[in-house]
Amino acid sequence: MIVEKTSHKIFFGDDYSKVALFQKDKVVAEKKRIAIEIFGGKCYICWKNYGSGFAFHHKKYDPNRKKHSDFKNTIEYNAYVIPEIIADPERFRLLCKICHARIDQPRYGYLGHIPKDRLDRLYEVAKETIPGPRKTRKKGGESTPESPTKQ
Ligand SMILES: [Zn+2]
């Protein structure tokens with residue numbers, strides 16, 4: 001494939017290949033645009049504002065589609081997956097690096113490898129053990145739970 005560096009076109013989807021590398025800034029910008037416009041610009045779990053390391057987590061992988069590990073780098077992967085996200089955002093959650101690691105990343109002792117019944121019991125014990133959100137005082141004396149803490 002001949003790649004024109006000066007091309008104003010942006011290639012997404014199955015045309016990702018080498019072109020994506022020349023379009024790095026556009027891919028990064030498009031990822032950010034989607035994160036903000038479709039997913040509200042915040043991690044679904046902790047509400048941290050969009051920033052580096054954020055990922056569109058697949059709720060369920062389609063075995064017919066390529067995975068991140070099939071690509072040389074994240075830019076190529078993003079160029080491939082962005083049209084999928086735009087077409088069907090319900091299949092994804094926007095997660096920050098830390099929350100994504102807790103769900104998906106083997107090296108961080110992720111939750112994804114735990115069988116569902118065991119995970120349910122883990123949540124049950126965590127919920128009865130870990131204290132709820134601290135109460136903060138409003139001016140009127142009312143107390144409300146805090147939003148999730150920033151990371
Ligand atoms: Zn998070």
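**Briefing: loop residues and a helix pair**

W47 counts as partly exposed because 16 C-beta neighbours lie inside 10 Å of it; a residue is buried with 20 or more other C-beta atoms within 10 Å of its own, exposed with 12 or fewer, and partly exposed in between, with C-beta atoms placed from the backbone. This is a predicted model, in which local features need pLDDT of at least 70, side-chain atom pairs count only at pLDDT 80 or more, and totals for chains, interfaces and linings use all residues. Residues are numbered from 1 along each chain as its sequence is written.

**Overall make-up**
- The protein has 5 helices and 4 strands, taken as DSSP runs numbered from the N terminus (helices: H or I, at least four residues; strands: E, at least two).
- Starting at the N terminus, the order of elements is α-α-β-α-β-α-α-β-β.
- Of its 151 residues, 19% count as buried.
- Among contacts with a separation of 6 or more, 57% come from residues 24 or more positions apart; a contact means that C-beta atoms, placed from the backbone, lie within 7 Å.

**The loop between α2 and β1**
- W47 is located in the loop between α2 and β1 (55-58), and its phi is near 70 degrees, a positive value in a residue other than glycine.
- G41 also has its place in the loop between α2 and β1.
- G41 counts as partly exposed, because it has 18 C-beta neighbours inside 10 Å.
- Apart from neighbours within four places in sequence, G41 contacts A35, I36, N49 and Y50.
- Between G41 and L94 there are 8.1 Å in space, C-alpha to C-alpha, and 53 residues in sequence.

**Helices α2 and α3**
- Helix α2 (residues 24-37) and helix α3 (residues 74-87) have axes that come within 10 Å and cross at roughly 35 degrees; the axes are lines fitted to C-alpha atoms over the stretch in contact, with angles from 0 to 180 degrees between N-to-C directions.
- This contact involves K24, V27, E30, K31 and I34 from α2, and I75, N78, A79, I82, I85 and I86 from α3.

**Within α3**
- The 14 residues of α3 should span 20 Å at 1.5 Å a residue, which agrees with the 20 Å between its end C-alpha atoms; the expected span is 1.5 Å times one less than the number of residues.
- At V81, α3 bends by about 35 degrees, and the proline P83 follows within four residues; the bend is the angle between axes fitted to the seven residues ending there and the seven starting there.
- Buried residues in α3 include I75, Y77, A79, V81 and I85.

Note on methods
Two residues are in contact if their C-beta atoms, placed from the backbone, lie within 7 Å.
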